[in-house]
Amino acid sequence: MQRIEHHASFGGRQEVWQHTSGSLGCDMRIGVYLPPQALAGERCPVLYWLSGLTCTEQNFITKAGAQQFAAQHGLIVVAPDTSPRGEGVANDEAYDLGQGAGFYLNATQAPWAAHFRMEDYVVQELPALIEQHFPASDRRGISGHSMGGHGALTLALRHPGRYVSVSAFSPIVAPSQVPWGQKAFTAYLGDDQTAWLQHDAVALMATAQERLPLLVDQGDADDFLTGQLKPELLQQACEAAGHPLTLRLQPGYDHSYYFIASFIGEHLAHHARALRAG
């Protein structure tokens with residue numbers, strides 16, 4: 001673990017760390033916000049933030065404005081990169097496949113399977129690293145945006161007991177039914193669509209073993225709303241399964257970080273209520 005950036009922020013400290021990932025077989029960078037409580041030695045719960053297509057760890061830590069709310073609630077916020085990276089890592093010229101587009105799953109197909117194991121990284125390796133090197137408790141929440149919203153929902157559903165809270169902004173809720181997901185799943189998982197459904201929040205909802213309340217915000221001026229995101233499918237799946245969902249369609253908001261910054265405080269409050277309840 002090597003710290004490569006640090007900035008005082010709201011009484012805490014925004015840091016960026018680099019480490020060699022065993023899961024991914026490459027060097028990875030992670031943003032870590034340590035609130036004042038953590039700097040004072042308190043073991044704090046952790047919110048993991050998963051970013052969307054094309055993003056690195058920098059997008060969230062520089063644009064979302066989450067630090068002030070993390071400081072208020074005493075939350076460590078961890079923002080990893082969106083995929084493995086490096087010269088030896090498979091890539092594609094398109095923005096929605098390869099580096100910057102890991103989709104938070106473990107690829108099974110060549111050439112992706114060698115490095116693209118983002119599910120193992122986010123669920124297993126990263127929390128172990130954070131809980132070893134920082135004053136972090138084992139109470140974890142997960143959130144994300146777009147592709148990262150997909151990751152937050154599916155990883156929480158696939159790993160019951162691992163997280164105590166979950167939320168998402170503009171998530172890809174049914175990737176097996178939309179172009180972004182179909183392209184990525186074909187490349188990473190192959191043509192067997194039963195494998196796709198294991199990474200599809202709408203499909204997973206029917207067999208969910210937990211009932212973690214979901215908070216989902218979606219802008220109604222989002223260019224990707226009808227073609228890629230389809231939040232109504234998540235609403236229907238949650239109603240059918242009796243799964244608690246607060247889906248808020250926000251008038252006038254798009255897919256950008258202006259949208260995320262407008263509601264990130266409410267999301268951190270949502271997580272803090274669960275993370276601090278134990």
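**Reading the labels of a predicted model**

Q: What do β2 and β3 form, and which residue in the turn has a positive phi?
A: β2 and β3 form a hairpin with four residues between them, and G25 in the turn has a positive phi of about 70°. The strand names rest on DSSP: a strand is a run of E of at least two residues, a helix a run of H or I of at least four, each numbered from the N terminus.

Q: What kind of model is this, and which pLDDT is needed for local features?
A: This is a predicted model, in which local features need pLDDT of at least 70 and side-chain atom pairs count only at pLDDT 80 or more, while totals for chains, interfaces and linings use all residues. Residues are numbered from 1 along each chain as its sequence is written, and side-chain values use heavy atoms, with hydrogens and water left out.

Q: Why are β2 and β3 said to pair, and in which sense?
A: Two strands pair if DSSP finds at least two bridges between them.

Q: What makes β1 and β9 edge strands?
A: The open sheet has nine strands in the order β1-β2-β3-β5-β4-β6-β7-β8-β9, with mixed pairing. β1 (2-9) and β9 (245-250) each have a single partner strand, so one side of each has no neighbour in the sheet. The twist averages 20° from one strand to the next.

Q: Why is strand β3 called mostly covered?
A: Seven of the nine residues of β3 (residues 26-34) are buried. Buried means under 20% relative accessible area, exposed means over 50%, and partly exposed lies in between, with a 1.4 Å probe and protein chains only.

Q: How do you know whether Y104 and S170 are buried or exposed?
A: Y104 has 0% relative accessibility and therefore counts as buried. S170, also at 0%, counts as buried as well. Neither is a glycine, yet phi is positive, about 55° at Y104 and about 45° at S170. Y104 lies in the loop between β5 and α4, S170 in the loop between β7 (165-169) and α6 (179-189).

Q: Which peptide bond is cis, and what is its omega?
A: The bond joining A110 and P111 is cis, with omega about 0°. P111 is in the loop between β5 (76-80) and α4.

Q: What makes a set of residues a nonpolar core, and which members of the largest one touch the most others?
A: A nonpolar core is a set of buried Ala, Val, Leu, Ile, Met, Phe, Trp, Tyr and Cys residues joined through side-chain atoms within 4.5 Å. The largest has 68 residues, of which I76, F103, V122, I130, I142 and Y188 touch the most other members. Its largest share, seven residues, comes from helix α4 (residues 118-133). Apart from it lies another core, of 22 residues, among them A64, F259, I260 and A272.

Q: Which residues does P231 touch, leaving out those up to four places away in sequence?
A: P231 touches V173, Q218, L225 and L247, where contact means heavy atoms within 4.5 Å. P231 is buried at 9% and belongs to helix α10 (residues 231-241). Helix α10 lies across β8 and β9, at about 155° to β9. Such angles run from 0 to 180 degrees between N-to-C directions of axes, which are lines fitted to C-alpha atoms, for helices over the stretch in contact.

Q: Why is C26 not placed in a disulfide?
A: A disulfide is a pair of cysteine sulfur atoms within 2.5 Å. The structure holds zero disulfides.
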